[in-house]
Amino acid sequence: MAKTLYEKVWDQHVVVATEGEAPIIYVDRHLVHEVTSPQAFSGLQVAGRNMHAAEKTFATMDHNTSTTSASLDALSPMAKTQVQTLERNCKDFGVRLYDIHHKNQGIVHVMGPELGITLPGTVIVCGDSHTATHGAFGALAFGIGTSEVEHVMATQTLRQLKAKTMKIEVRGHVAPGITAKDIVLAIIGHIGMDGGTGYVVEFCGEAIEALSMEGRMTVCNMAIEMGAKAGMIAPDATTAAYLKGREFAPKGEQWEQAIAAWSELKTDAGATFDATVVLDASDIAPQLTWGTNPGQVVAIDQLVPNPADATNSTVRTSIENALKYVDLSAGTSMTDVGINKVFIGSCTNSRIEDLRAAAVHAKGRKVAQGVKAIVVPGSGLVKEQAEAEGLDKIFLDAGFEWRLPGCSMCLAMNDDKLEAGDRCASTSNRNFEGRQGRGSRTHLVSPAMAAAAAVAGHFVDIRKPY
Ligand SMILES: CC(C)[C@H](C(=O)O)[C@@H](O)C(=O)O
Ligand code: SF4
């Protein structure tokens, strides 16, 4: 029977399927960070259990670490406790840890792929919703809750219901300057913030195939922002080229075997999806959110929407509420919206390609007066590479701050927070009320759009001179 990519990976991982019960699936890789692991580790401790396969678990510190100092003393008491607890737990249970002094430390969804921990056809879980990122490699990757983290630690398996399947095809090619972030924001604008609920989404089509692995990760990262359980992209030559030679990727004969196995990881002709969405890539302009969820998005040459144009009263109310919170008036041109903060980073857009795209707009320019802009590489390796390419210098010369890796301003869980009333051009993935700091406003954009906003002081259409 013809199968989708998801069904193939799923079938290869079912360990127990009992009639009337959710199946149990095998987990190949478990990623861990300091925020969602303490209770899971202590659950094991209390039960006197060991980890089933500690070597398949990889830990990093990212959410509440400091991006200005690699010293524990720079952390708040709560953050310090979480970081130290992770350190102790990893030691006690024999888990490999990339701590704040390690050169591979970074955001869990940046660090995993770049070390080759993320591989096609695997099941990857982490106590973090943006685990969907790893689906860019044709892995089935999704976030789990803390009690499930403990279950995976103890058994290397997980009880899971099978999801429905959705195909999102982006046909044709994007115009120059249009990035993966614009593609995924356009998709969310099209299907809505809950359009993917209950589904594992497979992204496909020429525009997706044309993306680098960095771009594919950006797209899958935001699968969760359309409500999907996971996002997947079939592995191909781009995937293999990215993985070759990475620390935990297969080597020698095993590499050859892996390549052969990965070539099977695609949706068969004739396989059916429960839902299909088709977009035309050439219609996609630079995107930015205006509201308080990622589906409240427009193209840069559009206006802030008018609640009066809403199709029903629920939509009207949500537009009204969002406009009130973000303090924008209907009909305002998006290019007239000024910002005072810029955040280039997060597991959506902090990889080398993202920093290169931002640097193009920073080069030889200056951050506008009154704007504070920070660039936060996603990992130690990204930072190292960016510095080798001189990107740090470009940013610093332009007046951006160049920081240490971490989640940073994505979520207001560390020192990098926005203040009430701040308006931020952010390359992250969530823009709900207070996400980057109480009373702050977030506009989600691509790295190029964020850097351009930093130098202009307001949003600009990067397709034209500004
Ligand atoms: C802290 C963590 C549980 C959370 C998540 O799961 O997504 C965070 O990474 C986020 O982006 O809000
Ligand atoms: S960068 Fe943001 S979205 Fe990604 S894991 Fe960290 S907090 Fe979550």
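Author: A residue is called buried if 20 or more other C-beta atoms lie within 10 Å of its own. The model is predicted, and that cut-off is applied to its atoms below.

An unreviewed UniProt entry lists C347, C407 and C410 under "binding site". These residues span 64 residues in sequence, yet no two of their C-alpha atoms are more than 8.8 Å apart, so they gather at one spot.

Take C410 to begin with. C410 has 28 C-beta neighbours inside 10 Å, so C410 counts as buried. Its place in the chain is the loop between β17 and β18. Apart from neighbours within four places in sequence, C410 is in contact with G345, S346 and S428.

C407 lies in the loop between β17 (401–402) and β18 (423–426). C407 counts as buried because it has 31 C-beta neighbours inside 10 Å. With neighbours within four places in sequence again left aside, the contacts of C407 are D62, H63, I107, S346 and M413.

Helix α6 covers residues 180–191. Its twelve residues reach 17 Å from the first C-alpha to the last, close to the 16 Å expected at 1.5 Å a residue. The helix is mostly covered, with eleven of its twelve residues buried. Among the buried residues of α6 are K181 and D182, along with I183, V184 and L185. Just after α6, G192 takes a positive phi of about 90°.

How values were computed:
Residues are numbered from 1 along each chain as its sequence is written. Chains are lettered from A and ligands numbered from 1 in the order in which they are written. This is a predicted model: local features need pLDDT of at least 70, side-chain atom pairs count only at pLDDT 80 or more; totals for chains, interfaces and linings use all residues. Helices (H or I, at least four residues) and strands (E, at least two) are DSSP runs, numbered from the N terminus. The expected span of a helix is 1.5 Å times one less than its number of residues. UniProt positions are given in the numbering used here, feature names are shortened, and annotations may be inferred rather than shown by experiment. Two residues are in contact if their C-beta atoms, placed from the backbone, lie within 7 Å.
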